[in-house]
Amino acid sequence: MEIESEQLERRQLESLSTAELIRHAIDEARLLARAEILHAKKELQEEVKAARSAGILLGAGAVLGLVGLAALLVAVGLALPLAQWLGVLLVGVFLLLVAGGLALAGKKRLPTQPLPHTQERLKTDVVRTRETLQ
């Protein structure tokens, strides 16, 4: 069925004047550009959403890391009387472990390559355009 529609379209295109063919090509290029922009916007929105959640996790990890470091410094300060320092030290170690886990989770959610689908579509469009023009 696609072959029939291509032949029909080819017949229609052969009957058009050069000016009409150029106008048709420009309209197709505009349509393609609009479609690419819409796809890029959608993909960018998804990446911004992922980056936002990654930023929240990284921020929470950084804050807890600072709190854990502060608790460890308090533990060092209280280390002389051995009875009080142990509780503060355990809390500090726990907070540092949680901060590390949050930082790792945030790092994993960061996008590695910006707009991969849009880049792939544009590469395919360039290849198809070169093939068509040859």
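## The second largest pocket

Six residues line the second largest pocket: Leu32, Asp125, Arg128, Thr129, Thr132 and Leu133. This is a predicted model. The volume of this pocket is about 200 Å³.

Helix α4, residues 116-133, gives the most to this lining. Its share is five residues. By class, the lining of the second largest pocket holds two nonpolar, two polar and two charged residues.

## The largest pocket

The largest pocket has a volume of about 280 Å³. Its lining is made of Glu9, Leu13, Leu21, His24, Ala25, Glu28, Ala29 and Leu32.

Two helices, α1 (2-14) and α2 (18-77), each supply at least two residues of the lining of the largest pocket. Helix α2 gives the most, with six residues. Five lining residues of the largest pocket are nonpolar, one is polar and two are charged.

## Salt bridges

Side chains of opposite charge can pair when their charged atoms come close. The structure holds two salt bridges.

One joins the side chains of aspartate 27 and arginine 30, at 3.8 Å from N to O. Both residues lie in helix α2. They are three residues apart, about one turn of the helix. Aspartate 27 has a relative accessible area of 40%, so this residue counts as partly exposed.

The other salt bridge pairs glutamate 36 with arginine 121. Their closest N and O atoms are 3.4 Å apart. This pair links distant parts of the chain. Glutamate 36 sits in helix α2, arginine 121 sits in helix α4, and 85 residues separate them. Glutamate 36 is buried, because its relative accessible area of 10% falls under the 20% cut-off. Arginine 121 is partly exposed, with a relative accessible area of 26%.

## Regions listed in UniProt

An unreviewed UniProt entry lists residues 56-79 and 85-105 under "transmembrane region".

Over residues 85-105, the model is 100% helix and 0% strand.

Technical notes:
Residues are numbered from 1 along each chain as its sequence is written. This is a predicted model: local features need pLDDT of at least 70, side-chain atom pairs count only at pLDDT 80 or more; totals for chains, interfaces and linings use all residues. Side-chain values use heavy atoms; hydrogens and water are left out. UniProt positions are given in the numbering used here, feature names are shortened, and annotations may be inferred rather than shown by experiment. Helices (H or I, at least four residues) and strands (E, at least two) are DSSP runs, numbered from the N terminus. On a 1 Å grid over the protein atoms alone, a cavity is a set of points where a 1.4 Å probe fits but cannot get out, and a pocket is an open set with protein on both sides within 12 Å along at least five of seven lines; lining residues have an atom within 4 Å of a point. Grid points are joined across faces, edges and corners, and a volume is the space filled by probe spheres set on the points. Ala, Val, Leu, Ile, Met, Phe, Trp, Tyr, Cys and Pro count as nonpolar, Asp, Glu, Lys and Arg as charged, and the others, Gly among them, as polar. A salt bridge is a side-chain nitrogen of Lys or Arg within 4 Å of a carboxyl oxygen of Asp or Glu. Buried means under 20% relative accessible area, exposed over 50%, partly exposed in between (1.4 Å probe, protein chains only).
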